[in-house]
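My plan is to look up the fold of one chain, then the contacts between chains.

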Amino acid sequence: MRRIVPIGAALIAAAALVTFPTWSSGWESSRYATTILRDMLVLAILALSLDLLVGSAGLPSLGHAAFFGGGGYAAAIAAQRLANDDLLLGLGAAALVAAFLALVIGVFAVRAAGIFFLMLTLAFAQMVFALAFQATDITGGSNGLSGVHRPTLLGLDFNAPDALFQLVAAVFLIVVALMWRIRSSTYGRALVGLRENERRMRALGYDTTRLKLSAFVLAGAIAGVGGALSGWSLRFVSTNDVGVARSVEAFVAVLIGGTSTLLGPVVGAFVVLYLERVLPSAIPFAETVLGVVFIVFVLAARQGIVGLARTAYERVRT
Amino acid sequence: MSPEVAVLQALNGISFGALLFILAAGLSLIFGMMDVVNLAHGAFYMLGAYVTLTIVQRTGQFWPALLVAPLVVGLLGLAIEPILLRRLRGRHLDQVLLTIGVSLVIADLVGLTFGREIHSVPLPPGLDSSIAVLGGDYPVYRLFVIAFGAALAALLAVIHRRTQLGALIRAGVGDAPMLSALGVDIDRLFATTFAFGAALAGLAGVIAAPVFGIFPGMDVDALIYSLIVVVVGGLGTLSGALVGAGLVGPADTFGKVLFPEFALALIFAIMAFVLLLRPTGLLGRARIAR
Amino acid sequence: MIETRDLRREFGGITALAGVSLTVADGERRAIIGPNGAGKTTLFNILTGELEPTSGEVSIAGEDVTRRRPHELARRGLARMYQRNELFDPLSARENVALAVGAVTGPYRPFTSPPARDLDAADALLDRVGLTDRRGALAKVLSHGERRQLELALALAQRPRLLLLDEPTAGMSPAETARITELIDSLDRALTIVIVEHDMDVVFRLAERITVLHEGRIIAEGTPAEVRADTQVNEVYLGKVVA
């Protein structure tokens, strides 16, 4: 009985999410709200994938956007070059290219730890940025790739804003379910062990380098999927999607929401995008607010919003 | 490449390297003393440049900026260390994250105050001419940058080796907790070091302003370059910053001339390469921060 | 089971090990003792793969493992207990041991929860070391003695053939020491055990043979009786220890 309530609630929330455009159509700013929510879900996917590294495995990556943008470019370019807008082709290309990038970078990056890992991921991501910037023929360089087609699947067309929203929402829910499964699995526990005491893990017989690399690749692939969705949403992929700013944005989202929790990255993504996109219409210094909020969280609420909520809940229970 | 062009490019490379040294020295110093990678370093540089812009716009003079900008940025650093960083003493990764937040705030505030366009400051009078070098005309200002960088390096070396402050910094680079046990006021030392490092970044901003222009996003470029320099040359030491700047400056310059498509990626590849082989850099003596 | 040949290890100018050759038989219980700085920890870290010798070789069960890394040694049946506990602090005792059990079965199952079998094995091990009622307690709230017991459980979870214990009774009260000594004594006789220890009572209770290190060399080796009687050992070490 105890499990039915949370599962039921989750299902209801999921259904509400996917049908959002429908039941919000009466709102004055319905179109705008759908767009913002869609972009929040895309950032949430990126943040969720990043937390697999930061939260679960304890690897602070500041270059995760390389895989997000890489996936976005891959999906758009594959569709263009092969003249095929199939959804599965696009997602597949995104995940594969992102995973491959993550593998190449990861092989080097996982040899470092802590601050050096952070700097290495930053450096490699900048390399990807530089390559995307220079390879104007393929990526459009600083102008980016515009005119990205939205995908189709078995006759279904995701061009309409509402249809695209539902696609994004569906993928988002799948990613959440995936993360939930991973976190409670043997693999997820092993990643936590890795984060808590790598030395001990090695002494127990775990090949920690391989474990770290697998997490890096998995996280990269999921980020790539997010990048594909971003490209389809904006009909545009650019070096902004692989840049430092995007990586930092994802990191900020993860921290504010709460690392190593299932919903933390999602909450964080919502907060970040609210501050970046909704608030600026009211006040001009929204980025500053975001920076200040981030600083406050690092100083006083390192466990993030979800972490705080959890602590509060525990306290109320006892 | 003809010899004349090579020499001119070499001068460009050295000039860029001198600038990189001024920029990276502060970052290296802060890391060496406090084990913190100050990711707001680019923002400090940017602030120095924008302060220069303000001074030039208000007074029409460039030279006061050389004193005022580092002072302003240094004071900011002096405020940030005790108010923010000190609370996270011992939590190195969190300190690094904090500096990210600081950089976001500074970058946004600067953008709001000055707008998003590209600004420029003219070369200071007296240094705005060109001099004949090997048949070509070379900007005097760039030679000034080289001279300034060299002078600063010498000054820092003297402070580092022959004063008590320098001794403290050298010792701190070795073992901060030990210093504390010996009765040195660690709080004051850290605050001063951070302020000094920030001031150096601001100074770099002043020097660079007439050459590279002033625009939003310059903080990220500066941060990336200074990270590359200290990682390659050696995290934590001034000589490391010198070596790193000496390598990266010319490498970047020649790279952009010889293979422009890959120049950018090449620099990062060098950084990654060094990080892998010698995580502490060619000359560094860093401890692994957690 | 273990054989080392002329192990040397230098750190800069300091020679920690100056040629150590020893042989530990299958199922033997060996203690390594010596004053501080004798090289016991260095030797230990080389045996566990966390350190490479400057020269010399180590073989385990006939296989040269000199260059092998810790996780490879663990897969070959080597388990260790650290001197300063290496546990997973925010996890419960049960989860700690489950991770150790999971190492044997392999972690690459991203979609399956730890099987009941693994959790049962974890519980059984916690029983074995006497932590039954502390199963759900987080490792960081356990007392020092309990943490050592947990360390031992982690090592046993690997189903090792060779157990290396680094000062198992360090920092323990007499009652805790007695309990852990008893526990180690009761372990399967087929298990080869090497203990580094300072507590002589524990050493004489558990060891079948003792190796004495001093300044990076073996100065004596033999049964407890032989070592006790050795004059050099008495001068260098035993004489300084309060019995």
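Predicted model: local features only at pLDDT ≥ 70, side-chain atom pairs only at ≥ 80, totals over all residues.

**Chain C, overall.** I started with secondary structure. I counted 9 helices and 10 strands in chain C. Next I checked the radius of gyration, which is 18 Å for chain C. The globule rule also gives 18 Å for 243 residues, so chain C is as compact as a globular protein of that length. I then took the extent of the C-alpha trace. Along its principal axes it spans about 55 × 40 × 35 Å.

**Chain C, packing.** I looked up burial. Of the 243 residues in chain C, 45% count as buried. I also looked at sequence separation, taking contacts between residues at least 6 apart. In chain C, 65% of these join residues at least 24 apart.

**Chain A against chain B.** I turned to the contact between these two. Chain A puts in 34 residues and chain B puts in 35 residues. On the chain A side, helix 6 (114-134), helix 12 (244-257) and helix 14 (286-300) are the elements that give two or more residues. Which element gives the most to this side of chain A? I found helix 6 of chain A, with 14 residues. I sorted the side by class: 26 nonpolar, 5 polar and 3 charged residues.

**Chain C against chain A.** The contact takes 25 residues from chain C and 21 residues from chain A. Helix 2 (70-75) and helix 3 (93-105) are the elements of chain C that give two or more residues to its side. I noted the classes on that side of chain C: 15 nonpolar, 5 polar and 5 charged residues.

Conventions. Residues numbered from 1 in each chain as written. Chains lettered and ligands numbered in written order. Helix = DSSP H or I, 4+ residues; strand = E, 2+ residues; numbered from the N terminus. Rg over C-alpha atoms; globule rule 2.2 N^0.38 Å. Buried ≥ 20, exposed ≤ 12 C-beta atoms within 10 Å, placed from the backbone. Contact = placed C-beta atoms within 7 Å. Nonpolar A, V, L, I, M, F, W, Y, C, P; charged D, E, K, R; others polar.
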